[in-house]
Amino acid sequence: MAHEVLSEKTVACPCGNGLLRAQLSEHDTWPHVKELSEHIDCADCREKYVIRNYTLVNKEQVEEEDRLSHARFELSRERGKLTKERYGDRWTERLLRIGTRSGACHAVAGLAGSLSVTRMYYRKLTIQAYAEELINDGENAGQILSKLGIVDDDITQMGSEVEELRRQRAMVVAAYTKDAVATMPAFKPHEYR
Ligand SMILES: [Zn+2]
């Protein structure tokens, strides 16, 4: 996978002792596909910043974002597991009672991972497997409970905590975006062709 660098642009890094470098290169296996790569060529700035959306942002804030994303993902998964343990059988029965795949698809529209009937056939999914797939996604816990007409305080509480982590993460992203210290050198659209 050799790369040939076709074009390069640089600007001074924030501390002034190095460079921010953007390169357009071409794969020898995929000619005509130009790939952008971005580097911080300064050890001091690499300690403090990372590249996000073509800008240089605070590394500690990005690490905080990652921590919050991970915590949210884990909690959402736990919530899905608990929902499945407590109500998985009822959920599967509910979809099986509908009887047809098209009916089941219609009944779950709006849930994360819900499919069209065509895709369900294409994947050779039974209604039972489909029901399990949907409840395995923790993001669906709240909607599944409301479709079953169930109120579960533990699962509701976990849902609020998941939301809170999502809110905190959004705030961190907004903060580092606003405080970006530099913009990476950019290529114009025609330079990609
Ligand atoms: Zn620097």
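Reply: Let's start with the whole chain. Its radius of gyration (taken over C-alpha atoms) is 24 Å, whereas a compact globule of 193 residues would come in near 16 Å, going by the rule of 2.2 Å times the number of residues to the power 0.38. This is a predicted model, in which local features need pLDDT of at least 70 and side-chain atom pairs count only at pLDDT 80 or more, while totals for chains, interfaces and linings use all residues. Residues are numbered from 1 along each chain as its sequence is written.

Along the principal axes, the C-alpha atoms fill a box of roughly 65 × 40 × 25 Å. There are two domains: domain 1 covers 3-49 + 182-192, and domain 2 covers 64-176, with bounds from an automatic or database domain assignment. Their C-alpha centres sit 40 Å apart. Buried residues, meaning those with 20 or more other C-beta atoms (placed from the backbone) within 10 Å of their own, make up 20% of the chain.

Counting helices (DSSP runs of H or I, at least four residues) and strands (E, at least two), numbered from the N terminus, you get seven helices and six strands.

Now for your sheet. It's open, has three strands in the order β4-β5-β6, and the pairing is antiparallel; two strands pair if DSSP finds at least two bridges between them. On the edges are β4 (49-52) and β6 (182-183), each pairing on one side only. Between β4 and β5 (residues 55-58) there are four bridges, again antiparallel. If you want a spot to look at, find Y49: it stands opposite N58 in β5.

The helix that packs on this sheet is α2, and it touches both β4 and β5, where a contact needs C-beta atoms, placed from the backbone, within 7 Å. The direction of α2 makes about 75° with that of β5; such axes are lines fitted to C-alpha atoms, for helices over the stretch in contact, and the angles run from 0 to 180 degrees between N-to-C directions.

D89 counts as exposed because it has 11 C-beta neighbours inside 10 Å, and the cut-off for exposed is 12 or fewer. From D89 to R101 is 12 residues in sequence and 18 Å in space, C-alpha to C-alpha.

Technical notes: Contact = placed C-beta atoms within 7 Å.
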